[in-house]
Amino acid sequence: MTKIKEIQEEIIDEFLMFDDWMQKYEYMIDLGKSLPQIEEAKKTDDRLIKGCQSKVWLDAEYKDKKVIYTADSDAIITKGIIAILLRVFSNKTPQAILEANTDFIDKIGLKEHLSPTRANGLVSMIKQIKLYALAFQSKN
Amino acid sequence: MSLDVQKLRKQFPILDKKINGYPLVYFDNAATSQKPKVVVETLENFYYKYNANIHRGVHTLSQEATNLYEEARKTLQKHYTIKHPHEVIFTSGTTESINLVASSFTSLLEKGDEIIISQMEHHSNIVPWQLLCERTGAVLKVIPITKRGELILESYNQLLSNKTKLVAVSHVSNTLGTINPVKKIIYKAHQVGAAVLLDGAQAGMHLKPDLQKLDVDFYATSAHKMCGPTGVGMLYGKEKWLNKLPPYQGGGEMIKEVTFAKTTYADLPHKFEAGTPNIAGGIAFATAIDFLNEIGIETIYQHENKLLTYATEQLTQIEDIELYGTAKRKSAVLSFNLKNSHPFDVGTIIDKLGVAVRTGHHCTQPIMDYYNIPGTVRASFAFYNTVEEVDAFIKAVKKAKTMLS
């Protein structure tokens, strides 16, 4: 299993290849399109992360001591951001997820999505990802 | 008279800003307008030369500050053609103005009384009335809208009855741009003895209502949407209503005499102006109004209308554009979506190209529910915007469409 830190480094390297914002956003849009969607039946209000602008549904399962996340959004750029987050956090142990920091978001130039005005739920998404991990950890 | 936009833009240094390497195209004027130098200078000048608390000091400085503040009140009185200066209440903005009326109306309502609002209201003109209904047992009624975003007046007429105590509607819709037929609305309400409050937040920079001719009972507005500073606004109330309503907040300045047995309240307008107000803001509000009048509100309206017509033409030529709000009379607001794209995605990409618009529900969730959409992209124009900026905006939307499809 690749460590969270290593995946973050990989993503930072990938983003360094982009010359401008447009390539970066085109890449995120592509990521968003390729994100496996959450089942319609799972798009329930209790899985909804309330952001001001776009809706995000996040679900988590606990398998073989790892947390598997699935998520979806009604906005494509948000889906791209989710795809990046899932690549980092999904299929990891609760302990690793809880210990991970999120500095890489700043390093790939998506910090603006962390500001409260963006309200696209990135901050809430990370919080919810960690909350699921915490819940699974305390169950065991 | 046509506008010398390039000359006017020199009053707004922020318009020269670059965003992400592109010239800023500021099309979020319905959220807040930019501030001209004269307004900022008034603020600075007040703090450097006149700052003192008002209405209480015997010293010269306090009297000078008081004079400036009271002159500002008269500027607002004149601008809105209000009968008495004491019918102008300074507030922190439209939201507070509406809350003041809703709060003070509590003692005048009984269970079963009715308040009418409309489906196109901003949350600020919905929630205070819902709270008032909760306090009093009054019932909220809603005027529906058409697909074009116009009020259905037949439904309004049917909603009116002798139970109606208050009608609160927007003068101009912040999401759809619709200019409502407020004169008719007021006339009809008065026939059943109901008072009318107009939410004038979006009318500020584009229209110049004569409040006496309109015969409206309350008019709420904000300085920051008409070139003034944030945190200051106006509530106009007819004298007879303001005398009838109990005070909104208690504190200094709003009293005549205070003993522990009984307090008597100050005369209008001070009865509704508890505490030290936003003195510099109030004075700068008047500067903003003078600035707008110097250009001429009618001239402003014509210019913005030209931009709106041009932008609408250009935008609708793009395939897959869905417009929201196509009323016959509308102000310079263009709400739209790209089919199959979320407004957040469109807004994010065009921001990268320097274009500032608002995306989301614009604090009008009932409108979004009506059209069954999560939100819209809203471009709103001001007199300092140009045709070239509309072109940059259209180019940005086309780019977003390419990237998102």
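Helix 6 (residues 122-139) of chain A holds 18 residues and reaches 26 Å from its first C-alpha to its last, close to the 26 Å expected at 1.5 Å a residue, where the expected span is 1.5 Å times one less than the number of residues. Helices (H or I, at least four residues) and strands (E, at least two) are DSSP runs numbered from the N terminus. Please keep in mind that this is a predicted model, in which local features need pLDDT of at least 70, side-chain atom pairs count only at pLDDT 80 or more, and totals for chains, interfaces and linings use all residues. Residues are numbered from 1 along each chain as its sequence is written, while chains are lettered from A and ligands numbered from 1 in the order in which they are written.

**Helix 6 of chain A**

- A:Leu122, A:Met125, A:Ile129 and A:Ala133 are buried in this helix (20 or more other C-beta atoms within 10 Å of the residue's own, with C-beta atoms placed from the backbone; exposed means 12 or fewer, and partly exposed lies in between).
- Those four sit on the same side of helix 6 of chain A, because they cover an arc of only 75 degrees around the axis (the arc of the directions from the helix axis to the C-beta atoms).
- An α-helix has 3.6 residues a turn, so residues three or four places apart point the same way.
- On the other side of helix 6 of chain A, A:Lys127, A:Ser138 and A:Lys139 are exposed.
- The buried residues of helix 6 of chain A pack against strand 1 (48-49), strand 2 (56-63), strand 3 (66-73), helix 3 (76-89) and helix 4 (94-99) of chain A.

**Chain A as a whole**

- Six helices and three strands make up the secondary structure of chain A, in the order α-α-β-β-β-α-α-α-α from the N terminus.
- Of the 140 residues of chain A, 32% count as buried.
- The C-alpha trace of chain A spans about 45 × 30 × 25 Å along its principal axes.

**Chain B and the nonpolar core**

- Chain B has 14 helices and 17 strands, and buried residues make up 49% of its 405 residues.
- In the largest nonpolar core, of 135 residues, B:Val196, B:Leu197 and B:Ala288 touch the most other members (a core is a set of buried Ala, Val, Leu, Ile, Met, Phe, Trp, Tyr and Cys residues joined through C-beta atoms within 7 Å).
- Helix 10 (residues 279-295) of chain B gives the most to this core, with ten residues.
- B:Val196 touches residues including B:Val167, B:Ile185 and B:Val216, not counting residues up to four places away in sequence (contact means C-beta atoms, placed from the backbone, within 7 Å).

Definitions and conventions: Contact = placed C-beta atoms within 7 Å.
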